[in-house]
Structures are given as C-alpha cells and as structure tokens.
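Have the viewer open while you read.

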Amino acid sequence: ITMTNLAPNVLVVHPSLPVKSVAELIALAKGRPGELNFSTGPSGSSNHLSGELLKAMAKVNIVRVPYKGTAPALTALLGGEVQLMFGTASTVAPHLKSGRLKALAVTSAKVTQFAPDLPPMSAALPGYESVAQSGIFAPVGTSAAVIQRLNHEIVQILRRSDIREKFFNSGTEAVG
C-alpha cells in the first residue's frame, strides 16, 4: 500500500580503535585481516547485512560475532569485546553523546537528518547503501479502490508533523 519509514544504521566503533573515518577503518582492516570483529543481532538483521555489505564492497576480512539481539551486541561493543557495530541512530545516540562510542558514517546513500554531521558510507565506498524499509501491505485480491483509499489516508497521517517527529525520535524517517 505504501512505504512507511526508512531506518539507516550508524557505523560505530569502540573509542580504543584508532580510526576516524571509514577509509581509515578499511585501511586498518586490510592491514589486520581477520583481527577486527563486528557485533550483530540475529542473522539477516539490518546491522548484520550492513556489516556484510561493508566486507564485500571493501574486500576486507572483518569477523562477524552474532548475538541474540541488538542489546547484547551493543553491550559487547561498549565493553570492548568487539571493535565495531552498525546500530540504529536511537540505539547508539546516548553512547555517542557520552563518548563511549565513536560514529564514522551512516549507511544511507546521502547524509541523514538523524546525523547531519556524519558522512554516508558511500563517501568511502561508492554505491554503498543499507537502509531498513518498512511498509504496509494488503492481501492479494484487495480491490484497487481500497488500496488507493488506504494509501491516501496513511500518507496523510505520515505527513503530519507530530507523526514525523515520533518516527524521527525513534531513529527512522517517515515516508509515504
């Protein structure tokens, strides 16, 4: 019926990692193949796929360490058990403010409203984009008139400033 929101991840690293950019991270990973680890939630999660895309596009050997969820993956990064992670803006923001993590980039193709000071990953890896998308669907056979009406009403709601703010506060961008 319509896409509802987009949620890029933020590439964050433990402050002990001596890098300040994605290019420096890639250079470090190439110089130390198999030594850097990234934490993720379950297989197929957006933070897992963001990391795998980095590995494939940069041709680096960074080891994935899977956890049962984002919270334990983040705890591992904060504790220095792993060196990097891709997390949602709302998840990592408090740790960026406190200095417990460093942000290098966002996974969207362009600069995002959540982190206007962070470059997109595509600045270092042209073509890189990894953004979770959510939408509303209807069963096959739903009449076009019903789909059109639902689309119109949902898009109108998604355009409201209070709704856009709620999405923004949760680390996603309302679309429709």
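## The second largest pocket

The second largest pocket holds about 200 Å³ of space. For the terms: on a 1 Å grid over the protein atoms alone, a pocket is an open set of points where a 1.4 Å probe fits, with protein on both sides within 12 Å along at least five of seven lines, and lining residues have an atom within 4 Å of a point. Grid points are joined across faces, edges and corners, and the volume is the space filled by probe spheres set on those points.

As for the ground rules, this is a predicted model, with local features needing pLDDT of at least 70 and side-chain atom pairs counting only at pLDDT 80 or more, while totals for chains, interfaces and linings use all residues. Residues are numbered from 1 along each chain as its sequence is written, and side-chain values use heavy atoms, leaving out hydrogens and water.

Back to the lining: L6, P8, S108, A109, K110, V111, T112, Q113, E129, V131, Q133 and E173 make it up. By class, the lining splits into five nonpolar, four polar and three charged residues, where Ala, Val, Leu, Ile, Met, Phe, Trp, Tyr, Cys and Pro count as nonpolar, Asp, Glu, Lys and Arg as charged, and the others, Gly among them, as polar.

## The largest pocket

About 330 Å³ of space sits in the largest pocket. It has 16 lining residues, and those closest to its centre are A89, A93, L96, F114 and A115. Two elements give two or more residues to this lining, α4 (89–97) and α6 (161–169), and α4 gives the most, with six. The class count here is eleven nonpolar, three polar and two charged.

H95 belongs to helix α4 and is buried, because its relative accessible area is 17% and buried means under 20% (exposed is over 50%, partly exposed in between; 1.4 Å probe, protein chains only). Skipping neighbours within four places in sequence, H95 is in contact (heavy atoms within 4.5 Å) with L74, L78, R100 and L101.

P94 is also placed in helix α4, but is partly exposed, with a relative accessible area of 46%. From P94 to A56 is 38 residues in sequence and 30 Å in space, C-alpha to C-alpha.

## Nonpolar cores

The largest nonpolar core has 22 residues, of which L11, L25, L54, I62, L84 and M121 touch the most other members. A nonpolar core is a set of buried Ala, Val, Leu, Ile, Met, Phe, Trp, Tyr and Cys residues joined through side-chain atoms within 4.5 Å. At least two of its residues come from each of β1, α1 (22–31), α2 (46–58), β4 (84–88) and β5 (102–106), with α1 supplying the largest share, five residues. Another core, of 16 residues, lies apart from this one and includes A76, L77, A89 and V92.

M121 touches L11, V22, L54, F86, A105, V106, T107, S108 and Y128, not counting residues up to four places away in sequence.

## The whole chain

The chain has six helices and seven strands, in the order β-α-β-α-β-α-β-α-β-β-α-α-β. Its C-alpha trace spans about 60 × 35 × 30 Å along the principal axes. Of its 176 residues, 41% count as buried.

Key:
Helix = DSSP H or I, 4+ residues; strand = E, 2+ residues; numbered from the N terminus.
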